[in-house]
Amino acid sequence: MIMCKFCGYRCDTFRGLSNHIKNVHGITSKEYHILIHGPGKCKICGSDTEFKNLNIGFRDFCSVKCANVYKGMQDEIRKKISLAQKDKPRKRHSKETKTLISKNSKKQWKNNRDKMLSVVRDIKTRQKISMSLTGSDNFFGFKTKINKLIRSSDKYQEWRLMVFGRDNFTC
Ligand SMILES: [Zn+2]
Ligand SMILES: [Zn+2]
């Protein structure tokens, strides 16, 4: 629906409006358009441009030459924008941010490590760890042999000293 800006008369088409303007207000579509939107001026040189119709209004340029100049300008702008985006350095973390990230990650790692070490490993977990270390799907026993475990135990150490004491540390 198009409305006549002079009297509010509504038309379905621009042709209808054009006829209405001519018959009722006694002016041409061009004159009507100038009264409403102002005269058409070339975007490049500012000369008067050709009036097309009520829908399109005035042409943007007085000539093909001016239209091409404008097109060239637009291309230039587009090129400049894409170049500027290309040259734009990627956002980097500042030195302070880097230090902060490093500090935080170190803290986090330490917390995790302490947590990991404080976990009491039950026999199943130990088996799993052992299996993952040996790369086998079945658990064949701990690598540390029972003898070594006994030897490094407190009771063994005690007994060993007792033996030495008995022999007065002589062989
Ligand atoms: Zn009217
Ligand atoms: Zn022009």
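Buried residues make up 7% of the 171 residues in the protein chain. Here, buried means that 20 or more other C-beta atoms, placed from the backbone, lie within 10 Å of the residue's own. This is a predicted model: local features need pLDDT of at least 70, side-chain atom pairs count only at pLDDT 80 or more, and totals for chains, interfaces and linings use all residues. Residues are numbered from 1 along each chain as its sequence is written, while chains are lettered from A and ligands numbered from 1 in the order in which they are written.

**Overall layout**
- The protein chain has 7 helices and 4 strands. These are DSSP runs numbered from the N terminus: H or I of at least four residues for helices, E of at least two for strands.
- Along the sequence, the pattern reads β-β-α-α-β-β-α-α-α-α-α.
- Take the contacts between residues at least 6 apart in sequence: 18% of them join residues at least 24 apart. A contact needs C-beta atoms, placed from the backbone, within 7 Å.

**Helix α1**
- Helix α1 covers residues 14-25, which is 12 residues.
- From first C-alpha to last, α1 reaches 15 Å, close to the 16 Å expected at 1.5 Å a residue. The expected span is 1.5 Å times one less than the number of residues.
- Gly26 follows α1 and has a positive phi, near 70 degrees.

**Helix α2**
- In helix α2 (residues 29-37), the buried residues are Ser29, Tyr32 and His33.
- Seen down the axis of α2, these residues fall within an arc of 95 degrees, so they line one face of the helix. The arc is taken from the directions from the helix axis to the C-beta atoms.
- An α-helix has 3.6 residues a turn, so residues three or four places apart point the same way.
- The buried residues of α2 pack against α1, β3 (51-53) and β4 (57-58).
- Gly38 follows α2, with a positive phi near 90 degrees.

Notes: Buried ≥ 20, exposed ≤ 12 C-beta atoms within 10 Å, placed from the backbone. Contact = placed C-beta atoms within 7 Å.
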